[in-house]
Amino acid sequence: MAYDDLRSFLRALEREGDLRRIKVEVDPYLEIGEIVDRVQKAKGPALLFENVKGAAMPLAMNVFGTERRLAKALGLKSAEDISEKIAGLLKPELPHGFTGVRDAFGKLAGMTHVPPRKVKQGDAPVQQVVLTGDQVDLDALPALFTWPGDGGSFFNLGLTHTKDPDSGIRNLGLYRLQRHDRRTIGMHWQIHKDSRNHAAVAARRGERLPVAIAFGCPPAVTYAATAPLPGDIDEYLFAGFVAGERVRMVDCRTVPLQVPADAEVVLEGWLEPGVTLPEGPFGDHTGFYTPQEPFPALTIDCVTMRSRPLLQSIVVGRPPTEDGPLGKFTERFFLPLLKIIVPDIVDYDLPEAGGFHNCVIVSIDKKYPKHAQKVMHAIWGAHMMSLTKLIVVVDADCDVHDYQEVAWRALGNVDYSRDLSVVEGPVDHLDHASYQQFWGGKAGIDATRKLPEEGYTRDGGWPEMVASDPETAATVSRRWKEYGL
């Protein structure tokens, strides 16, 4: 089963011995970050800091720090379950292109257990306490100053709700939030993000943009906020699909938006056009500090919460971090959708060391000359995959998740004068390696077997790989115990 709210999931983890309560006082300035980074790199338990210095509520960390925990939170057996659920949704039809992706998700609307369900304000746990005006004090919420070079304290797992002022389509996004003062937070809306576009539309119209930020949401909702869905696909529809049940939503108190009724804390405010503050630096998931830039500054007018709330956050930095399981689940979820856009793909892998978007390893059933190059360019044209900086294409008999196998192919099967493609295109807002922001060089490596039609005309053709004699291998397997090994 998926979990209706964060606290019920934490109780389940505690019963299994997979959650530790830290009762001593801990400092959100560097200390919590150091503790969490060590625990998550050791694949340790979820953590509940009950006594955060200067804060009025506990802080849950490393909640999704292993694939097993994330699968449990979503009511799944493994990351592969997501791929299977999506693939099952797409059958028996085989739609093509982005229209096919939208049509496939559109079919969810007819599933009665998926669309969000509205809850009256009086019945929403997240509105048991309502604070407005001078009662608002963001200092009471445990924000983290994680790395020594950070520009301030940040909330790293606030789910930001906006809607397009023209179409009314809502968006759920996950962005870091810098706490500037007791009523102001910085909105780190990168250039490719939907909320940034919503703010730009509102500014052109001379209007304020309503914003709501929810913390401690049901696990399926938090996961949906991280998924790279096309802008016109409702994240709450997807969350209901993953969890197998409808998400309970409630109208906000002061802005025309809806938020999860079972969240722990919600911040509400109106973003004034053109109001920015310096945001950052920040030790990001790239493992490097992103520099200070001006970003929108949101004044919080209202805070709603449960009567005894807790906050959830994550620590990002040099991988591996809690981003790892979230990224791996998204990799598996997106595979059937990517196959709609690029049917040539057999499987793919997004290495965590590459931040999940810097590198893609993809396998294909090669059928014709330059097939690998065709797939490279198709991937660079596929939604957020356009930000990929390195694509390594291997044959279908290569396990893309076995990096030793991939390295063997990529290092041995490539003539770089012919098999290396270098292009320019968009890169992630946070990319520090590009010589100018937002765009830079990309490379594709064709590590597949080469065909005579591609110019590989050496005598004997492409060589066979070394492999054991099947009959001998079976004999050795049968007699293995006899060898005393």
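Helices (H or I, at least four residues) and strands (E, at least two) are DSSP runs, numbered from the N terminus. Welcome to this structure, a predicted model in which local features need pLDDT of at least 70 and side-chain atom pairs count only at pLDDT 80 or more, while totals for chains, interfaces and linings use all residues. Residues are numbered from 1 along each chain as its sequence is written, and side-chain values use heavy atoms, with hydrogens and water left out. The points below go through the annotated domains, the sheets, a hairpin, a pair of helices and some backbone details.

**Domains from the record**

- UniProt, in an unreviewed entry, places the feature "domain: 3-octaprenyl-4-hydroxybenzoate carboxy-lyase-like N-terminal" at residues 11–84. UniProt positions are given in the numbering used here, feature names are shortened, and annotations may be inferred rather than shown by experiment.
- Residues 11–84 are 39% helix and 15% strand, with 28 Å between the end C-alpha atoms.
- A further feature in UniProt, also from an unreviewed entry, is "domain: 3-octaprenyl-4-hydroxybenzoate carboxy-lyase-like C-terminal", at residues 326–447.
- Residues 326–447 are 29% helix and 26% strand, and their end C-alpha atoms lie 28 Å apart.

**The sheet 1-2-3-19**

- Strands of a sheet pair through backbone hydrogen bonds, either parallel or antiparallel. Here, two strands pair if DSSP finds at least two bridges between them.
- Four strands make up an open sheet with mixed pairing, in the order 1-2-3-19. Strand 1 (19–22) and strand 19 (311–312) are at the edges with a single partner strand each, so one side of each has no neighbour in the sheet.
- Strand 1 and strand 2 (residues 46–49) run parallel and are joined by four bridges. Leu19 has Ala46 of strand 2 as its bridge partner.
- Helix 2 (residues 31–41) packs on this sheet and touches strand 2 and strand 3 (59–61), its direction making about 160° with that of strand 2. Axes are lines fitted to C-alpha atoms, for helices over the stretch in contact, and angles run from 0 to 180 degrees between N-to-C directions.
- Glu25 sits in the loop between strand 1 and helix 2. Apart from its neighbours within four places in sequence, Glu25 is in contact (heavy atoms within 4.5 Å) with Asn51 and Lys53.
- Glu25 and Gly54 are 29 residues apart along the chain, and 9.6 Å separates their C-alpha atoms.

**The sheet 4-12-13**

- Three strands form an open sheet of mixed pairing, and their order is 4-12-13. Its edges are strand 4 (117–118) and strand 13 (258–260); each has a single partner strand, so one side of each is left without a neighbour in the sheet.
- Strand 12 (residues 248–251) runs antiparallel to strand 13, and three bridges join them. Val250 stands opposite Val259 in strand 13.

**A hairpin**

- Strand 7 (residues 159–163) and strand 8 (residues 170–174) run antiparallel, joined by five bridges. Across from His161 is Leu172 in strand 8.
- Six residues lie between strand 7 and strand 8 in this hairpin, and Gly168 in the turn has a positive phi of about 80°.

**Helix 7 and helix 8**

- The axes of helix 7 (residues 219–226) and helix 8 (residues 235–243) come within 8 Å and cross at roughly 125°. That makes helix 7 oblique to helix 8; angles under 35 degrees count as roughly parallel, over 145 as roughly antiparallel, 65 to 115 as roughly perpendicular and the rest as oblique.
- Ala220, Val221, Tyr223 and Ala224 of helix 7 make the contact with Glu235, Tyr236, Phe238, Ala239 and Ala243 of helix 8.
- By class, this contact of helix 7 with helix 8 has eight nonpolar, no polar and one charged residues. Ala, Val, Leu, Ile, Met, Phe, Trp, Tyr, Cys and Pro count as nonpolar, Asp, Glu, Lys and Arg as charged, and the others, Gly among them, as polar.

**Backbone details in loops**

- Gly280 and Pro281 are joined by a cis peptide bond with omega of about -5°. Pro281 is in the loop between strand 15 (276–279) and strand 16 (282–283).
- Another cis peptide bond joins Pro319 and Pro320, with omega of about 5°. Pro320 lies in the loop between strand 19 and helix 9 (323–341).
- Asn62, a residue other than glycine, has a positive phi near 55°. Asn62 is found in the loop between strand 3 and helix 3 (67–73).
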